[in-house]
Amino acid sequence: MKNLNERLKEVRTEKNISQSRLAKDTGLSQSAISFWESGDRLPSIQAVIILAKYYNVSADYLLGLTD
């Protein structure tokens, strides 16, 4: 199974969304998104919820708990 940083990048690139666009659409910072996708930092629970809603996937999917 893929881990969180891999899932975040995979979902974003599959939807052809740039980090800057994601930041603008969600109110999250582009630098935070970059850190999360590189695995340097972990997003807060609230950020995971925002991203799951934005991508229309479950938080479990983003966290790598389900496929």
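Predicted model: local features only at pLDDT ≥ 70, side-chain atom pairs only at ≥ 80, totals over all residues.
Local features were considered at pLDDT of at least 70 and side-chain atom pairs only at pLDDT 80 or more, while totals for chains, interfaces and linings use all residues. Residues are numbered from 1 along each chain as its sequence is written, and side-chain values use heavy atoms, with hydrogens and water left out.

The chain contains 5 helices and 0 strands, in the order α-α-α-α-α along the sequence. Helices (H or I, at least four residues) and strands (E, at least two) are DSSP runs, numbered from the N terminus. The radius of gyration of the chain is 11 Å, close to the 11 Å that the globule rule gives for 67 residues, so the chain is as compact as a globular protein of that length. This radius is taken over C-alpha atoms, and the globule rule is 2.2 Å times the number of residues to the power 0.38. The C-alpha trace spans about 30 × 25 × 20 Å along its principal axes.

Of the 67 residues in the chain, 39% are buried. Buried means under 20% relative accessible area, exposed over 50%, and partly exposed in between (1.4 Å probe, protein chains only). Among contacts with a separation of 6 or more, 56% come from residues 24 or more positions apart; contact means heavy atoms within 4.5 Å. The accessible surface of the chain is about 4200 Å², and carbon and sulfur atoms contribute 49% of that surface. Accessible areas come from the Shrake-Rupley method with a 1.4 Å probe, and for residues only the protein chains shown count as cover. There are 9 positive and 8 negative side chains, with the centres of the two sets 7 Å apart. Lys and Arg count as positive and Asp and Glu as negative, whereas His and the chain ends are not counted; each charge is placed at NZ of Lys, CZ of Arg, CG of Asp or CD of Glu.

Helix α1 has Leu 4, Asn 5, Arg 7, Leu 8, Glu 10, Val 11 and Arg 12 as its buried residues. These buried residues pack against α2, α3, α4 and α5 (59-62). Arg 7, in helix α1, has a relative accessibility of 4% and therefore counts as buried. Leaving aside residues up to four places away in sequence, Arg 7 touches Lys 2, Tyr 61, Leu 62, Gly 64, Thr 66 and Asp 67. Lys 9 also belongs to helix α1, but its relative accessibility of 44% makes Lys 9 partly exposed. Lys 9 and Ala 59 are 50 residues apart in sequence, and their C-alpha atoms are 14 Å apart.

In helix α2 (residues 19-26), the buried positions are Gln 19, Leu 22, Ala 23 and Thr 26. Viewed down the axis of α2, they fall within an arc of 100°, so they line one face of the helix. The arc is that of the directions from the helix axis to the C-beta atoms. An α-helix has 3.6 residues a turn, so residues three or four places apart point the same way. The cover over the buried residues of α2 includes α1 (4-14), α3 (30-38) and α4 (45-55).

Helix α4 buries Ala 47, Val 48, Leu 51, Ala 52 and Tyr 55. They cover an arc of only 135° around the axis, which puts them on the same side of α4. The face of α4 turned away from this buried side carries the exposed residues Ile 45, Gln 46 and Lys 53. Packing partners of the buried residues of α4 are α1, α2, α3 and α5. Ile 50, also found in helix α4, is partly exposed, with a relative accessible area of 25%. Ile 50 touches Thr 26 and Leu 28, not counting residues up to four places away in sequence. Ile 50 and Leu 28 are 22 residues apart in sequence, with a C-alpha to C-alpha distance of 8.9 Å.

Most residues other than glycine have a negative phi. Asn 16, in the loop between α1 and α2, has a positive phi of about 55° although it is not a glycine, and is exposed at 72% relative accessibility. Asn 56 is exposed, with a relative accessible area of 71%.
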